Amino acid sequence: MSVELLDAATIVSFVEDEEAFNVSILDRFAHLDTDHDGVLSYAEMEEELRSLRVFETHFGIDEKPDPDELVDVYKSLFVQFDHDSNGAVDLEEFKAETKQMMLAMANGMGFLPLQMVLEEDSFLKKAVEKEATKVGA
């Protein structure tokens, strides 16, 4: 993990750069598709959904939510990705929902930069790295 400065423009720029965004999507999808069948099952996506830390509210200290509530939340997140409701997420669904989530984050951030702790392989970290290469050039 690293502490980075991030703003909405950085996220939007990353998502709008089709080449960089698509490479990141393809890499993550391939990493998650452990059985290499070209779609993601709930079991394959569960760890990724958990990494969203939807219940983390106290500066990195997780509270212990009701286990049944957790299952319901993660299943509902999976359904958000599964646009055609066939029980699996294909590459296009994964890309579309990830893009929508990232743009929603950017929209919620506004224009002021925020200091955030980012995981090394996260899409947000990749957005920051892409922005840094533009600034350094």
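Helix α2 (residues 18-32) has 15 residues, which at 1.5 Å a residue should span 21 Å, and the C-alpha atoms at its ends are 21 Å apart, in agreement with that expectation; the expected span is 1.5 Å times one less than the number of residues. The model is a predicted one, in which local features need pLDDT of at least 70 and side-chain atom pairs count only at pLDDT 80 or more, while totals for chains, interfaces and linings use all residues. Residues are numbered from 1 along each chain as its sequence is written, and side-chain values use heavy atoms, with hydrogens and water left out. Helices (H or I, at least four residues) and strands (E, at least two) are DSSP runs, numbered from the N terminus.

Within α2, the buried residues include Phe 21, Ser 24, Ile 25, Arg 28, Phe 29 and Leu 32, where buried means under 20% relative accessible area, exposed over 50% and partly exposed in between (1.4 Å probe, protein chains only). These residues cover an arc of only 130° around the axis, which puts them on the same side of α2, the arc being that of the directions from the helix axis to the C-beta atoms. The face of α2 turned away from this buried side carries the exposed residues Glu 19 and His 31.

α2 also packs against α1, at an angle of about 85° and with the axes 5 Å apart, which makes α1 roughly perpendicular to α2. Such axes are lines fitted to C-alpha atoms, for helices over the stretch in contact, and angles run from 0 to 180 degrees between N-to-C directions; angles under 35 degrees count as roughly parallel, over 145 as roughly antiparallel, 65 to 115 as roughly perpendicular and the rest as oblique. Phe 14, Val 15 and Glu 16 of α1 meet Glu 18, Ala 20, Phe 21 and Ser 24 of α2 in this contact (heavy atoms within 4.5 Å).

The axes of α1 (residues 8-16) and helix α5 (residues 91-109) come within 8 Å and cross at roughly 160°, so that α1 is roughly antiparallel to α5. Ala 8, Ile 11, Val 12, Phe 14 and Val 15 of α1 make this contact with Lys 99, Met 102, Leu 103, Ala 106 and Met 109 of α5.

Two loop residues remain to be considered. His 36, in the loop between α2 and β2 (39-40), has a positive phi of about 55° although it is not a glycine, and His 36 is exposed, with a relative accessible area of 68%. Ser 85, in the loop between α4 and β5 (89-90), likewise has a positive phi of about 55° without being a glycine.
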